[in-house]
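Here's a quick briefing to read with the model open beside you.

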Amino acid sequence: MASEISHQHQLHVYIFPVTAQGHMIPMINIAKLFAARGVKTTIISTPLNAITLAKTIDQDRLSGLDINIQTIPFPAVEVGLPEGIESVNQLTSPDMIPKFFLAVTMLQQPFEKLLEKYRPDFVVADMFLPWTTEAAAKFGIPRLIFHGINIFSQCVAESLRIHKPFESITNDKESFLVPELPDKIEMTKSQVPEHLIASGSLFSTVMETIRESEQKSYGVLVNSFCELEPAYADHYKNAMGIRAWQIGPLSLGNVAKEKESSIEEHNVLKWLDCKKPNSVIYVSFGSMSKLPNDQLTEIATGLEESGSPFIWVVRKSMTDTDENYLPEGFEERMEGKGLIIREWAPQVLILDHPAVGGFMTHCGWNSILEGITAGVPMITWPMFAEQFYNEKFVTQVLKIGSQIGAEEWQDWVETENVSVKKEKISKAVTHLMSEDGEENKEMRKRVAELSEKAKRAVREDGSSYLQFTALIEELKMQLSRF
């Protein structure tokens with residue numbers, strides 16, 4: 001009888017992303033994955049973010065997917081933030097960070113009211129919403145976590161947290177070995193996130209709360225695939241005792257939608273059509289990295305000196321009021337040679353274009369996985385969060401990229417530092433885009449093979465597809481017991 005009930009009942013999932021672009025995009029793709037498998041899907045969002053989501057969700061509903069949005073007011077004014085601030089990407093100063101996290105914790109009560117009223121069968125919530133584990137448990141609802149990063153980086157972070165190998169290091173530039181990992185991973189103290197070194201800080205407290213909620217959760221969804229980091233999937237399970245389902249690359253489910261919505265708005269693809277295969281370097285540092293004018297000038301000069309055709313997505317510092325942030329005459333000199341896009345670009349489509357042969361990236365996990373999926377080797381320029389871990393994964397484990405020479409972990413809200421000079425930028429671009437050299441050929445071969453494995457993983461007989469199927473079946477069985 002229980003089995004019969006489980007077949008009749010349509011599973012219902014709440015998807016609850018934190019309001020940050022790099023977290024929302026993959027979680028919306030997770031929502032679409034569930035809906036495409038017949039699971040009733042509700043995305044929890046704030047009013048202004050819901051407006052942005054509505055267009056794409058409305059298109060999915062018209063195509064027959066059972067997917068909806070439920071809003072919770074964001075208490076910006078109550079915590080001392082300006083009215084209308086509902087996203088991490090809108091924060092402009094360090095003093096806004098604790099206020100934003102306070103506002104996020106205040107979402108717990110209205111979220112619990114939704115759980116009580118609608119009783120979804122399970123919840124998938126962002127790592128930065130650790131209280132959702134406790135909230136869901138009050139109603140006997142399992143909570144799955146989405147971290148937004150790969151398994152490798154979680155393993156590195158856990159090793160550093162437990163063993164603290166950096167504590168005995170007196171020189172910030174001296175290398176040390178990250179203990180008890182499947183590969184020999186070397187870092188310097190200056191690359192370790194600040195919250196691991198400065199215990200008792202706001203972010204170290206947040207991360208400890210996240211870790212505790214993870215231990216009590218049902219498990220973790222990961223935007224990765226088995227063939228990319230098999231040794232670390234095993235290590236994660238054995239060392240941390242937490243179950244994980246690798247269901248990526250999530251961006252592969254969104255390529256058609258991006259093409260549909262972007263191709264008329266951007267002439268970037270037509271520009272790329274005129275370039276030779278593998279000749280263009282794509283430069284983008286994600287949605288949250290705001291570089292000071294002096295650093296933008298170094299990038300511009302380095303790109304010009306490299307002589308390589310480029311597409312550069314420029315996001316300037318919010319606090320730098322000088323509008324002349326590119327060298328005089330730069331855009332005129334680069335006409336036809338380089339394309340500058342301000343603020344937003346259809347990244348998945350750009351990387352997938354045959355003319356793009358390299359990617360200079362801040363090492364955010366979404367960007368790295370999109371680069372791997374497109375089969376494009378990388379120049380790594382990490383800045384904050386887990387990005388230095390990701391750099392090690394790209395350069396030391398996968399060996400599909402080269403380091404530009406960024407040495408210091410930085411504050412993600414604003415930085416005034418010029419961390420990489422034009423000489424290093426020009427040299428890195430020239431080296432990566434050169435068709436000569438056995439090292440480059442091997443790197444391109446490796447990333448091309450990983451690209452094929454990524455695409456196979458999401459097919460019906462692929463590893464990610466099968467893991468996602470197994471998760472849904474397990475949740476159905478779980479429901480049938482009640």
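What follows is a short tour by topic, starting with the lead points.

Keep in mind that this is a predicted model. There's an open, parallel sheet of 7 strands, and another open, parallel sheet of 6 strands. Two helix pairs are also worth a look: helix 7 with helix 10, whose axes come within 9 Å, and helix 16 with helix 19, whose axes are 6 Å apart.

**The 7-strand sheet**

- Reading across this open sheet, the strand order is 3-2-1-4-5-8-9, with parallel pairing.
- Strand 3 (67–71) and strand 9 (244–246) sit at the edges with a single partner strand each, so one side of each has no neighbour in the sheet.
- On average, neighbouring strands here are turned by 25° against each other, direction ignored.
- For a look at one pairing, take strand 1 (residues 12–16) and strand 4 (residues 122–126), which run parallel and share 4 bridges.
- Within that pairing, phenylalanine 16 has alanine 125 in strand 4 as its bridge partner.
- Helix 5 (residues 108–118) packs on this sheet and touches strand 1, strand 2 (40–45), strand 3 and strand 4. The direction of helix 5 makes about 170° with that of strand 1.

- Strand 13 (residues 356–361) and strand 14 (residues 378–380) run parallel and are joined by 3 bridges.
- Look for phenylalanine 359, which stands opposite methionine 378 in strand 14.
- Helix 13 (residues 293–306) packs on the sheet, where it touches strand 10 (280–284) and strand 11 (310–314). Its direction makes about 175° with that of strand 11.
- Helix 17 (residues 387–398) lies across strand 14 and strand 15, running at about 120° to strand 15.

**Helix 7 with helix 10**

- The axes of helix 7 (residues 151–163) and helix 10 (residues 230–240) cross at roughly 40°, so the two helices are oblique to each other.
- The crossing of helix 7 past helix 10 is left-handed.
- Helix 7 brings Ile151, Phe152, Gln154, Cys155 and Glu158 to the contact, while helix 10 brings Tyr232, Ala233, His235, Tyr236 and Met240.
- By type, the residues of this contact split into 7 nonpolar, 2 polar and 1 charged.

**Helix 16 with helix 19**

- Helix 16 (residues 365–374) and helix 19 (residues 438–457) pack at an angle of about 100°, which makes helix 16 roughly perpendicular to helix 19.
- On the helix 16 side you'll find Gly371, Ile372, Thr373 and Ala374, and they meet Val447, Leu450, Ser451, Ala454 and Lys455 in helix 19.
- The residues of this contact come out as 5 nonpolar, 3 polar and 1 charged.

- The unreviewed UniProt entry annotates residues 11–250 as "domain: Glycosyltransferase N-terminal". In the model that span is 43% helix and 16% strand, and its end C-alpha atoms lie 21 Å apart.
- The unreviewed entry also places a "coiled-coil region" at residues 433–460. That span is 75% helix and 0% strand, with its end C-alpha atoms 35 Å apart.

Note on methods:
Residues are numbered from 1 along each chain as its sequence is written. This is a predicted model: local features need pLDDT of at least 70, side-chain atom pairs count only at pLDDT 80 or more; totals for chains, interfaces and linings use all residues. Side-chain values use heavy atoms; hydrogens and water are left out. Two strands pair if DSSP finds at least two bridges between them. Axes are lines fitted to C-alpha atoms, for helices over the stretch in contact, and angles run from 0 to 180 degrees between N-to-C directions. Contact means heavy atoms within 4.5 Å. Angles under 35 degrees count as roughly parallel, over 145 as roughly antiparallel, 65 to 115 as roughly perpendicular and the rest as oblique. A crossing is left-handed if the near helix is turned anticlockwise from the far one by less than a right angle, and right-handed if clockwise. Ala, Val, Leu, Ile, Met, Phe, Trp, Tyr, Cys and Pro count as nonpolar, Asp, Glu, Lys and Arg as charged, and the others, Gly among them, as polar. UniProt positions are given in the numbering used here, feature names are shortened, and annotations may be inferred rather than shown by experiment.
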